[in-house]
4 protein chains.
Amino acid sequence: MMEFTESTRGVYVIAPTPFTSEGAVDLESTDRMVDFFLERGANGLTILGMMGEAPKLTLEESFTFVRRVLARVKGRVPVIVGVSAPGFAQMGALSDRVMGDGASGVMVAPAAALRSDEQILGYYRQVVETIGESTPFVLQDFPLVTNVIIPVSVILKIVEELPSCVCLKHEDWPGLSKIAALRDASAAGARRISILCGNGGLFLPEEMLRGADGAMTGFAYPEMMIDVCRLHAEGETERARDVFDAYLPLARYEQQPGLGLALRKYTLAKRGIIAEAKLRRPGPNLSAADIAELEALIDRQTARLAALG
Amino acid sequence: MMEFTESTRGVYVIAPTPFTSEGAVDLESTDRMVDFFLERGANGLTILGMMGEAPKLTLEESFTFVRRVLARVKGRVPVIVGVSAPGFAQMGALSDRVMGDGASGVMVAPAAALRSDEQILGYYRQVVETIGESTPFVLQDFPLVTNVIIPVSVILKIVEELPSCVCLKHEDWPGLSKIAALRDASAAGARRISILCGNGGLFLPEEMLRGADGAMTGFAYPEMMIDVCRLHAEGETERARDVFDAYLPLARYEQQPGLGLALRKYTLAKRGIIAEAKLRRPGPNLSAADIAELEALIDRQTARLAALG
Amino acid sequence: MMEFTESTRGVYVIAPTPFTSEGAVDLESTDRMVDFFLERGANGLTILGMMGEAPKLTLEESFTFVRRVLARVKGRVPVIVGVSAPGFAQMGALSDRVMGDGASGVMVAPAAALRSDEQILGYYRQVVETIGESTPFVLQDFPLVTNVIIPVSVILKIVEELPSCVCLKHEDWPGLSKIAALRDASAAGARRISILCGNGGLFLPEEMLRGADGAMTGFAYPEMMIDVCRLHAEGETERARDVFDAYLPLARYEQQPGLGLALRKYTLAKRGIIAEAKLRRPGPNLSAADIAELEALIDRQTARLAALG
Amino acid sequence: MMEFTESTRGVYVIAPTPFTSEGAVDLESTDRMVDFFLERGANGLTILGMMGEAPKLTLEESFTFVRRVLARVKGRVPVIVGVSAPGFAQMGALSDRVMGDGASGVMVAPAAALRSDEQILGYYRQVVETIGESTPFVLQDFPLVTNVIIPVSVILKIVEELPSCVCLKHEDWPGLSKIAALRDASAAGARRISILCGNGGLFLPEEMLRGADGAMTGFAYPEMMIDVCRLHAEGETERARDVFDAYLPLARYEQQPGLGLALRKYTLAKRGIIAEAKLRRPGPNLSAADIAELEALIDRQTARLAALG
C-alpha cells in the first residue's frame with residue numbers, strides 16, 4: 001500500500017465505474033481503465049466518488065469494484081475511496097473494509113444538513129472517531145453539490161485538530177482565493193496539507209499558481225491535467241497554459257452539470273479505455289446531437305494538439 | 001404475512017430502533033416494544049423510517065432488526081419497512097431482502113433532488129421497476145424533510161399508473177386540503193388508496209374528518225392515536241377531540257424538530273417499553289431542563305386523562 | 001416615541017396588514033386593530049414582518065401603513081418595523097424613513113444565502129452600518145423560513161460587537177436550549193438582551209421558564225400570550241399552563257404553515273377587529289371545511305375558557 | 001420605442017450598473033457604456049438583471065438609471081428591464097413605471113419557493129395579470145440561482161397560454177437539449193418564441209447550433225458573442241468556433257461564481273468603458289493575484305485574436 005500523506009502532489013484521477021451493456025460492473029474494463037490511467041502518469045486514483053456512481057452500487061458491488069482496482073494497481077499508486085454515507089455506522093463499515101483491502105485513504109464530504117462552523121467541525125470530529133485516527137482522509141469541499149459552505153477558518157480548525165486530514169479536495173466557488181488563504185495560513189505556521197483541485201480541471205493553471213499541489217478530478221483526457229501539473233512543476237507556466245487552452249473547449253463541454261459523466265464515459269469508450277459508455281439509472285442518455293457536438297470538439301482538439309506539437 | 005393493501009385503516013406505529021447503553025441494537029427491547037404496540041392495538045408497524053435512525057445502522061444491523069421485529073410480530077399485523085436509498089441498486093437489494101423475510105410492504109420517500117412533476121413521476125416508475133410490481137409500497141410525502149413538493153395531480157398520476165402504490169404517508173403542510181382533494185378525486189373515479197397521516201398525530205382529528213384512514217407516525221403514547229381513530233370510526237368525534245386535547249400539550253412538545261426522537265425514547269424508556277433512551281450519533285442529548293419539562297408535561301397529562309375518565 | 005431596549009419584556013404582537021375587499025390597505029381596520037391589541041395589553045407592536053405581507057405592498061403603501069399605525073399608537077408602546085430587504089440600499093432607505101416617522105426600532109432577518117458564522121456576523125455588521133448605530137434592532141432568527149442557522153456563539157458575537165442589537169426574535173427549532181445557553185452566557189458576563197419568542201406562541205410556557213422575556217409573534221387571540229406572560233411574571237406557572245392548554249388546540253391549528261395567516265385573519269375578522277379576512281396574492285383561500293374546523297375549534301375553546309373561569 | 005417580439009435575434013447585452021468611487025450611480029459611465037455596446041453591434045440591452053446589482057439600488061436610483069439608459073439609447077434598440085420582486089405589488093409598480101418610460105419589455109425570474117409545475121404556471125399567470133397583457137416579457141430560466149426547475153412542458157404551457165411571453169432567457173444546466181426540445185415543439189406546431197442564452201456565453205456555439213436565436217448575457221468582451229452570432233448567421237460555424245475558442249480562457253475565468261461581476265467591471269474599466277470597477281456591498285474585492293491573472297489572460301487573448309486576424 002502506497003502512503004497517502006499531506007505531501008501528496010500531482011493528479012489523482014477520479015475514476016468512473018464501468019458497466020457492461022447489461023448493467024453489471026465491468027471488471028475487465030476496470031482493469032483496462034486502471035492500466036490506462038497509470039500509463040498516462042496518474043499519481044493516484046480516487047474511486048467511488050460522486051462521479052463514480054457510488055450510490056447506484058450495492059454494497060457488495062462496491063466491495064468487488066474496490067478489490068479489483070486495488071488488485072490491478074498492485075500498490076503502484078495510492079487509491080482513495082469515497083466513503084461518504086448518510087450515517088456513521090455505514091461510513092465506518094465501509095472505511096474499515098476498504099482500508100483492510102489496501103486502500104491508502106478515504107474521502108468524506110460533509111452531510112448536506114450542516115450549516116454552522118461548529119456543526120461542520122463536529123461532523124469531522126465524528127468522522128475521525130468513526131474511521132479511526134490512523135486512516136488518512138480527504139476533506140471534500142464541494143458546495144455546489146453538498147450545499148455546505150466550509151470557510152477557510154473551519155478548514156484550518158479541522159487541519160489543526162485532526163492530523164489524519166491530509167488533503168483538501170478543493171471544489172468551492174470562487175475558490176482561488178481559498179487556496180491562497182490556506183497557503184498564507186501555512187506560511188504563518190498552520191500545518192500544510194495537500195490541496196488537490198476539482199471542477200474537471202477548468203481552473204487548473206490558476207489553481208497551481210495559487211499554491212495547489214495538483215488535481216483530483218475527472219476528464220476523459222487526464223493527460224491534460226497530468227501535463228499541466230508537470231509543466232507547472234518544471235516552471236513552464238506559459239506552456240502549461242497553451243496545453244490547457246488546447247483542451248479547454250472540450251473540458252468545458254464535458255463539465256456540463258447533469259450530462260458530464262455521460263459525455264466522459266462516451267469519450268473513454270471511444271478511446272477504447274472502457275467497453276461501454278453505459279450509466280446506471282438514474283442517468284441521462286446522450287442524444288445524436290450531443291454525440292455530434294462531442295465528436296466535433298474532439299476533432300478540433302486533435303488538430304489543436306497536433307499544431308501544438 | 002399480513003396483506004398490506006389500499007384498504008388499510010388504523011394506526012401504523014412508526015417504531016424507533018432501540019439501542020443498548022453500549023450502542024448496540026437492543027433486540028430484547030425490540031421484542032418488548034413490539035409486544036407493547038400490538039397490545040395497545042396498533043394495526044401495523046413501520047420500521048426503519050426517518051425516526052428509526054435507519055441511516056445510522058449498518059446493512060447487517062438493519063437486516064437483524066427487521067428479522068427480529070418480523071419474528072416477534074408473527075404475522076399478526078403488517079410490517080412496513082423504509083427502503084429509501086440514494087440509489088436504486090441499494091433500494092432493490094434492501095427491498096428484496098425484507099420482503100423475502102416477511103415484510104408486507106415498503107416505504108419510499110422521493111430523492112431530495114426531484115423538482116418537476118415529471119421527475120417525481122419518473123422516479124416512482126423506477127422505484128416500481130426496482131422493487132417489483134408485486135411489492136406494495138407507501139408513498140412518503142414529507143416536504144419538510146425531503147424538500148420535494150408532490151402536487152395532488154402527481155399523486156393521482158402515480159396512483160393511476162402504479163397499482164402497487166397502495167398507501168400515502170401524508171405529511172405535507174398545509175395538508176388537510178390535500179387529503180380532501182385526493183378523496184374528491186376518488187369520488188370522481190380515481191383509485192382510492194389508503195391515506196395514513198404523520199406529523200406526530202398533531203392534526204389527527206382534522207385529518208380523520210377530511211377522509212384519512214388513520215395515522216402512520218410516532219408518539220410515545222400511541223394510545224392517543226389508536227383511541228382517536230377508534231372513536232372517530234365509532235362516530236364519537238367530540239370524544240375523539242377530548243382525548244386528543246388531553247394529549248396535545250405533550251404531543252406538541254415531543255414534536256420539536258431535532259429533539260423529538262430523544263424525547264420519545266426517553267418517554268418510552270420511562271414507561272418501561274425500551275431499556276434505554278439512547279440515540280446513536282449524530283443525535284441530541286436531553287438536558288436536565290428538557291427532562292424536567294417533559295416530566296411536568298407527563299404529570300399534567302396523567303391528571304387530565306384521569307379527569308377524562 | 002417609546003424606547004426599545006435590551007430590557008424589553010412582554011408581548012409584541014406581530015400585526016397583520018388589513019386589506020379591504022377590493023384589496024387596498026384598510027386604514028380604518030388598522031386603527032381598530034391597533035386599539036384592540038393595546039386594550040388587551042400588548043407591550044408593543046411589530047409590523048411589516050413576514051406575517052404582515054410586507055413584500056406584497058408597494059413602497060408607498062408600506063409607508064402609509066407605518067405612518068397610520070404610528071399615528072394611532074401615539075407613543076403608548078414601541079412599534080418595531082420589519083426592514084429586511086434584498087439589498088442594503090433598500091434596507092437603509094426603509095429604515096431611515098420609518099425611524100424618522102417615529103418607529104422605536106427595526107427588525108432584520110439574515111439574507112437567505114448566508115451560511116458560515118463569519119458571513120452572518122459580517123452581514124449584521126453591514127446592517128448596523130446601513131441603519132446607523134443609534135437604531136435599535138431585532139435580530140430575527142427563523143431558520144424554517146430563512147434557511148440560515150445562527151449558532152449561539154454567533155448571536156453572542158453580534159451581541160458583543162453591535163450594541164444596537166437589543167432583542168432576539170427567537171424562532172429556531174429546537175429552540176429551548178438556545179434560550180438557556182444565551183441566559184447562561186449572560187450569567188457569565190455577556191450583555192443580556194431581550195429574548196422575545198415566536199412560533200405562534202406554541203412553546204411559550206417552556207420558553208418563559210428557560211429565561212425568555214416574552215413573545216413577539218402573532219395569534220388571533222393575543223390574550224393567550226399576554227396572560228401566559230403575566231401569570232409567569234406573577235409566579236403562577238401552573239395557572240399559566242392551564243391558560244395555555246385551553247388555547248393550544250386552536251393555536252396549533254392556526255400555526256399550519258402556508259395557511260396560518262388566512263386562518264388568523266379570518267378569526268380577527270370574525271372577532272370584529274378587522275373588516276375583511278382578505279389576503280393579497282399569492283395567498284391561500286380558506287375552504288368551507290377549513291372554516292368549519294376553525295369555528296368548531298373556537299367553540300370548544302370558548303367552552304374551555306369559560307370552565308377555566 | 002423598439003418592439004420586442006418573439007422574432008428577436010442577436011445579442012442582448014446584460015449591462016452592469018456603474019458606480020462612482022463614492023458609490024453613487026455613475027450616469028456618465030452609463031452613457032459611455034450604452035454607446036460602447038451599441039457601437040459594437042448589440043441588438044438590445046437588458047438592465048437591472050441579477051448582474052446589474054438591482055437589489056442594491058433604492059427604488060429611486062433604479063428609476064434614474066433606467067431613464068438614463070433609455071434616454072441614451074434613444075429607441076435605437078429595445079431595452080429590457082428586470083422587474084423580479086418578492087411581491088406582485090412591487091413588480092407591478094416597477095413594470096408600469098419602466099414601460100411608461102419607454103422600455104420595450106421586462107424580465108421576470110420565478111420566485112424561489114416555486115416547486116410544482118402548477119405553481120410555476122400559476123406564478124406566471126399572476127405575473128401577466130400584474131404587468132398587463134400588453135407588456136412583452138422574458139421568462140428567466142436560471143435554476144442555479146433561483147433553485148426553480150422549469151420543465152420544457154411548463155415552458156410550453158406558458159408559451160401557449162400567455163402570448164406576452166415572447167422570449168426565454170435560457171440558462172438551465174444541462175441546457176442544450178432544452179433548446180432542441182423547444183424547437184422540436186415549435187416544429188410540431190407550438191408558438192415559436194425567441195430563445196436567448198445566458199451563462200456568460202460559455203456554450204454559445206452549441207446553443208446556436210441547437211436553435212437559439214442569440215444571447216442575453218454579460219461578458220466584458222461582448223464582441224465575442226456578437227461575432228459568434230453573426231458568423232453563425234452567415235453559416236461560418238467553424239470560424240464562429242475559432243472566435244469563441246480565442247475568447248474562451250477569459251470567458252471561463254470571468255464566469256467564476258461570486259467573483260464574475262467584479263472581474264467584468266474591472267475589465268470594462270480597464271477598457272475605458274466605465275470609470276470605476278466599483279461594486280456595491282455586499283460584493284467581493286479583487287485581490288492582486290486576481291488582477292494579475294486577469295491581466296495575463298487578457299494579454300494572451302489579445303495575442304490569440306491578433307493571430308486569428
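What follows is a short exchange about a predicted model.

Modeller: The model is predicted, so local features need pLDDT of at least 70, side-chain atom pairs count only at pLDDT 80 or more, and totals for chains, interfaces and linings use all residues. Residues are numbered from 1 along each chain, chains are lettered from A and ligands numbered from 1 in written order, and side-chain values use heavy atoms, without hydrogens or water.

Biologist: What makes the eight strands of chain C a closed barrel?

Modeller: They run 1-2-3-4-5-6-7-8 as a closed barrel, with parallel pairing. The twist averages 25° from one strand to the next. Strands are DSSP runs of E, at least two residues; helices are runs of H or I, at least four; both are numbered from the N terminus.

Biologist: How do you know that strand 5 and strand 6 of chain C pair?

Modeller: Pairing needs at least two bridges found by DSSP. Strand 5 (residues 137-141) and strand 6 (residues 165-170) of chain C have five, in the parallel sense. They therefore count as paired. C:Val138 stands opposite C:Cys167 in strand 6 of chain C.

Biologist: Which helix of chain C touches strand 5 and strand 6?

Modeller: Helix 6 (residues 152-161) of chain C packs on the sheet there, and its direction makes about 170° with that of strand 5 of chain C. Contact means heavy atoms within 4.5 Å. Axes are lines fitted to C-alpha atoms, for helices over the stretch in contact, and angles run from 0 to 180 degrees between N-to-C directions.

Biologist: Why is the relation between chain A and chain D called a two-fold axis?

Modeller: A rotation of 180° with 0.0 Å of shift along its axis superposes chain A on chain D, at RMSD 0.0 Å. That is the relation of a two-fold axis.

Biologist: Why is the contact of A:Asp141 and A:Lys178 called a salt bridge?

Modeller: The definition asks for a side-chain nitrogen of Lys or Arg within 4 Å of a carboxyl oxygen of Asp or Glu. Here N to O is 2.6 Å, so the pair qualifies. A:Asp141 lies in strand 5 of chain A and A:Lys178 in helix 7 of chain A, so the pair ties together parts 37 residues apart in sequence.

Biologist: Why is B:Asp141 called buried?

Modeller: Buried means under 20% relative accessible area, exposed over 50%, partly exposed in between (1.4 Å probe, protein chains only). B:Asp141 has 0%, so it is buried. B:Lys178, at 5%, is buried as well.

How values were computed
Least-squares fit on C-alpha atoms with pLDDT ≥ 70 in both.
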